[in-house]
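Visitor: Before I look, I have a request. Please tell me for each label what rule stands behind it.
Guide: Here is the entry, and then the rules one by one.

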Amino acid sequence: MAKDSTKHALLGILLIPLIYAFVLRFDATSLRSWAIQLREPQKEADVGQEQLRNQDDKFRVPSKENSIDAEITRLNLQQLLTGKSQEDLLQNEIACIATTYSDMCVTTSAVAIHITTSNTTNLYLTGNQKLPSGTSNITIRPYPRKIDLPAMIRTSPVNLHQANATAAMPPCDVNHAVPAVIFSTGGFAGNFFHDINDLLIPLFLTSSLLRPNVRLILTDYESWWAKKYQRVLSAVSFYDIITSPTNDVAGKIHCFPGAVVGLTYHGHLSCNKTKAPGNLTTVDFLHFLHSSLFLKAHEPPKSVATQKEKPLMVLISRRNSRTLLNEEEIINLAKEVGFRVEIATPKAMSDLQSIAELIHSCRVLLGVHGAGLTNMVFLSPGSVLVQVVPWGLDWVSKAYYHQPTYGMGLKYVEYKINIEESTLIEKYPIDHQVIVDPLSIHKKGYQVSKPIYIDGQNVRLNLTRFRKTLETAMQLAEF
């Protein structure tokens, strides 16, 4: 009996960390899907997913927030920081970190946030927080793109004030039981690359241990942006978004047990499991994104001998710059190689759900370097990305789209154009610096290089050369 009791006790001790990890990292999207299934009868196979998604849009936990254990909330917030900053948080109940791309402050004690018609948001430290000696306030622009001044200009500040006798706050208008995460949809929001890279991935990372019991406060609020990403935001938080500025002239004081101002950033289209909050990979983000949009998991691709139909290639069609001038010829060539081809136009890509479903169903995504390639986040694991690299854009093509494919579990094929395939050859002599030394142009600054290489060229691919690229993509798509 004693031995059995000892075994049971040891088993219980071993299970505690597993249960704790499960509770902390429970996927809000899975919980939402589970709740919907409980509320609705089982769907037949021939019923489209649109009905299910519409039900999800209507599904909301009542506005009353769940009561969360204060100690668990504190522990989760602490894991957003590491090293010296985490020690500061433990000691002072507030700590801030500054990286190349982002600033972020975390507080594990009470705050009062004044939401008004002003673009500036004021947060008052009403708990036991201790700012560094001689500091009475901190200003954060909560958008992770510090390297770009234009983005920061479009991001309104959040001011953190040390509450004291001379800066007494009025009573709370709204008391919240869950912490807040404050970030801006100013910056470069609206460009799909920046929506994913600057906002949704950082939000996924920052909220990972808090969701779904967290309140999102969006500064520089744009209703169209929140509507476009409604399903993703709903997977982060069960509760309605608090927007700043507000239309309420009087404004309101929202009080929270803790808060995060700003978002953590790991790198271009990536999550680094070695960085805080820890153990999150890019694949984890893709799973979260696909689940929030109800994208079905696909079976591994079948061999040529057993495939019922040709593999689908989606071509990202550009209109204003870096346009594929012989697009029709490329489409016909892809069909000759053995692909079915669908075209993703700029208008089609404005519908997030539809484009996500289309790209999730294809085996190969093809496009000239640009924000449209960010749609690779919707590809199924093992799919192929084919990037056409225009003249002078080697580095940015590698950093923004080539390197992230490794973390996403995708296969990658690259086609670097020759100068004869760029319209730059029609504008500059063959021995011009723009042609022979693009790096020297880039060193003059983005405002110099952008009009030339980003906005100032289109491409006409050599069909003989590009056929080999398509054949390589076909081979990778089949296995």
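Guide: Buried means under 20% relative accessible area, exposed means over 50%, and partly exposed lies in between, with a 1.4 Å probe and protein chains only. The model is predicted: local features need pLDDT of at least 70, side-chain atom pairs count only at pLDDT 80 or more, and totals for chains, interfaces and linings use all residues. Residues are numbered from 1 along each chain as its sequence is written, and side-chain values use heavy atoms, with hydrogens and water left out.

Visitor: Why is C96 called partly exposed?
Guide: The relative accessible area of C96 is 35%.

Visitor: What makes the disulfide of C96 and C105 right-handed or left-handed?
Guide: The torsion about its S-S bond is about 105°, so this disulfide is right-handed.

Visitor: Where do C96 and C105 stand in the strands?
Guide: C96 stands opposite C105, which is in β2. Strands are DSSP runs of E with at least two residues, helices are runs of H or I with at least four, and both are numbered from the N terminus. Strand β1 covers residues 94–98 and strand β2 covers residues 103–107. A hairpin of four residues connects β1 to β2.

Visitor: What makes C172 and C255 a disulfide, and which hand does it have?
Guide: Their sulfur atoms are 1.9 Å apart, so they fall within the limit already given. The torsion about the S-S bond is about -85°, so this disulfide is left-handed. The pair links distant parts of the chain, 83 residues apart: C172 is in the loop between β6 (158–162) and β7 (174–175), and C255 is in strand β11 (residues 252–256).

Visitor: Are C172 and C255 buried, exposed or partly exposed?
Guide: C172 is at 35% relative accessibility and is therefore partly exposed. C255 is at 9%, so C255 is buried.

Visitor: What about C271 and C362, buried or exposed?
Guide: C271 has a relative accessible area of 10%, so C271 is buried. C362, at 2%, is therefore buried too.

Visitor: Why is S85 called buried, and what is S85 in contact with?
Guide: S85 has 12% relative accessibility and so counts as buried. S85 belongs to helix α5 (residues 83–92). Contact means heavy atoms within 4.5 Å. Leaving aside neighbours within four places in sequence, S85 is in contact with A95 and I97.

Visitor: What is noted about phi of E93 and R322?
Guide: Phi of E93 is near 65°, a positive value in a residue other than glycine. E93 lies in the loop between α5 and β1, and at 24% relative accessibility it therefore counts as partly exposed. R322 is also not glycine and has a positive phi, near 50°. At 7% relative accessible area, R322 is buried.

Visitor: Which peptide bonds are cis?
Guide: Among them are the bond from R211 to P212, with omega near 5°, and the bond joining S244 and P245, with omega about 5°.

Visitor: What is the mean pLDDT of the protein?
Guide: pLDDT is the predictor's confidence in each residue, from 0 to 100. The mean is 87, and 84% of residues reach 70 or more. Over residues 16–62 the pLDDT is below 50, and this stretch has 64 contacts in the model beyond near neighbours in sequence. Where pLDDT is low, the predicted coordinates should not be read in detail.

Note on methods
Two strands pair if DSSP finds at least two bridges between them. A disulfide is a pair of cysteine sulfur atoms within 2.5 Å.
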